[in-house]
Amino acid sequence: MAVPKRKKSRSNTRHRRAQWKASTPQLVPVIVDGAPYLAPQRLAKAYERGLLRPES
């Protein structure tokens, strides 16, 4: 396992972490009970199988 030779400053750590951004999920149309909904792509099959209920 890699081990740093020197302590990283708190300022550098926080600047690095501040660059991370969550991206919005890609929405795809899913038909549930005859009505079209937009659902995240990774959950589309769960909605189609009835494992998840779409929010109205």
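Are Arg53 and Asp33 buried or exposed?

Analyst: Arg53 is exposed, and Asp33 is exposed as well. Here "buried" stands for under 20% relative accessible area, "exposed" for over 50%, and "partly exposed" for values in between, with a 1.4 Å probe and protein chains only.

The model is predicted, so local features need a pLDDT of at least 70 and side-chain atom pairs a pLDDT of 80 or more, while totals for chains, interfaces and linings use all residues. Residues are numbered from 1 along each chain as its sequence is written, and side-chain values use heavy atoms, without hydrogens or water.

The two residues are partners: Arg53 forms a salt bridge with Asp33, and their closest N and O atoms are 3.5 Å apart. Arg53 belongs to the segment after helix H2 (44-49) and Asp33 to the loop between E1 and strand E2 (35-40), so the pair ties together parts that are 20 residues apart in sequence. The term salt bridge requires a side-chain nitrogen of Lys or Arg within 4 Å of a carboxyl oxygen of Asp or Glu. By this rule, the count is one salt bridge.

Most residues other than glycine have a negative phi.

Leu52 and Val32 are 20 residues apart in sequence, with their C-alpha atoms 10.0 Å apart in space.

The setting of these residues is as follows. The protein chain has two helices and two strands, in the order α-β-β-α along the sequence. Helices (H or I, at least four residues) and strands (E, at least two) are DSSP runs, numbered from the N terminus. Of the 56 residues of the chain, 16% count as buried. The radius of gyration of the chain is 21 Å, whereas a compact globule of 56 residues would have one near 10 Å. This radius is taken over C-alpha atoms, and the globule rule is 2.2 Å times the number of residues to the power 0.38. Along the principal axes, the C-alpha atoms fill a box of roughly 60 × 25 × 15 Å.

Elsewhere in the chain, Gln19 is found in the loop between H1 and strand E1 (27-32). Gln19 is exposed, at a relative accessible area of 62%.
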